[in-house]
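Open the model in your viewer and switch to cartoon view. We will go from the sheet to a helix, then to the pair of chains.

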Protein chains: 2
Amino acid sequence: MKNTVVFDIIGTCFSLDKPRAKLVEFGAPTYALDLWFAQTLRDAFALSHAGGYKPLKQVLEAELPRTMQMLGVDLATTQLASIIESFAELDLQPEALEAFKILNDAGWRLVALTNGSENSTRQLLERANAIDYFDSIFSCDAVEKTKPHLDVYNLVKPNTAIATWMVATHAWDIAGAARAGLKTAFINQQEKGYLAIYPQPEVIALDLVTAASKIVEIA
Amino acid sequence: MKNTVVFDIIGTCFSLDKPRAKLVEFGAPTYALDLWFAQTLRDAFALSHAGGYKPLKQVLEAELPRTMQMLGVDLATTQLASIIESFAELDLQPEALEAFKILNDAGWRLVALTNGSENSTRQLLERANAIDYFDSIFSCDAVEKTKPHLDVYNLVKPNTAIATWMVATHAWDIAGAARAGLKTAFINQQEKGYLAIYPQPEVIALDLVTAASKIVEIA
């Protein structure tokens, strides 16, 4: 069995610039995307922690109008729908394809592990001509708990002694993967810093290419 | 045994206006408090969901500098400390004492159930001359899991058939309490709307006095 790199999808491989730009186009401030996404994850994690579960898209949809109300931004139903739809058109981070290639060329197996749905992830990867780099797509929908619950990482944890790395731009995802026994690479793009109180990553990198190179070098 | 109302503390009984004002005084935008607090809860819930645990104050402290960096706000160490310290000086919501009195006069027992520490909650209630209304203070520190994990609500769930209500301004807290079998009152002040995908509250009220009156009326 091959060494494996597990990629987070939303925010890590794919940029959130499109929904951010949509929100700004509709009169919301630039940080509106960050607030909406943080509140969505907060409430998705909360429900999962309380033993319930809803797919991420439903939480994103439920959270959007009230985040806009908090910010005093008045949006029409068609505008709300258009922001949600932009999640189906996320663009790959500029350096993602090169990072995938570095790992594939070095003989690594790539898998996606996402709090999004398997189907939407497959469509994003196909749309970005990146699907061929990936061996498998795993969604938290399969266990009806969100990352960073350990059951989600157990979907990708091998039984053998091969190297398995998680790459993510969310500290909470790295912390969960580390607790599940994976090696971890934190992409310091979005959250601007790792949390000292969390289990620490093996690699901190500014972008996916640097992370991929370091993983190949270390493992 | 008396009917019981369980109060959430931070944001519900006590206003976040002080740390919000501090942040604005130091050059951060008004929404900075909301983003910081949402990211703090997201990451505290995440760690708890992954089977780890850190007290809320530590997560707040770890999250503050990186939220400021995301927003491009440059703060000195003394300013960061001053913002954290303002959490020890939160003011009661203007209508809180009246709401506590309505419930006490009607023979209800009040308890606090918080993701903050027992000690800091006691100090906040003493400082606000509200401690005498409360029978007990329960903190998630006791079970080393955050609300809305059911183990936290089980700290206050009675074994008898008396009425037990949770009052909170966070949808995720109401959802957890509802899943744990408590009756629930959502204060629609902070989050501006309940989530349709969550278990629904018995009462939605604009302030604590209205919620207290409705609870006494219904129970």
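Contact here means heavy atoms within 4.5 Å of each other. Keep in mind that this is a predicted model.

**The sheet.** Start with chain A and select its strands β1 to β6. Six strands form an open sheet, with parallel pairing. Read across it and the order is β3-β2-β1-β4-β5-β6. Now pick out the edges: β3 (134–139) and β6 (203–205) of chain A each pair on one side only. On average, neighbouring strands are turned by 20 degrees against each other, direction ignored.

**One strand pair.** Select residues 164–168 and 183–187 of chain A, which are strands β4 and β5. They run parallel, and four bridges join them.

Next, select residues 208–218 of chain A, helix α9. This helix lies across β1 (4–7), β4, β5 and β6 of chain A. Its direction is at about 155 degrees to β6(A).

**The two chains.** What rotation superposes chain B on chain A? It is one of 180 degrees, with 0.0 Å of shift along its axis and an RMSD of 0.0 Å. The two copies are therefore related as by a two-fold rotation axis. To find that axis, select B:Arg42: in chain B its C-alpha is the nearest to the axis, 2.0 Å away. Finally, colour the contact residues of both chains. The same surface serves both copies, since 100% of the contact residues of chain B recur in chain A.

Key. Residues are numbered from 1 along each chain as its sequence is written. Chains are lettered from A and ligands numbered from 1 in the order in which they are written. This is a predicted model: local features need pLDDT of at least 70, side-chain atom pairs count only at pLDDT 80 or more; totals for chains, interfaces and linings use all residues. Side-chain values use heavy atoms; hydrogens and water are left out. Two strands pair if DSSP finds at least two bridges between them. Helices (H or I, at least four residues) and strands (E, at least two) are DSSP runs, numbered from the N terminus. Axes are lines fitted to C-alpha atoms, for helices over the stretch in contact, and angles run from 0 to 180 degrees between N-to-C directions. Copies are superposed by least squares on the C-alpha atoms of residues with pLDDT of at least 70 in both.
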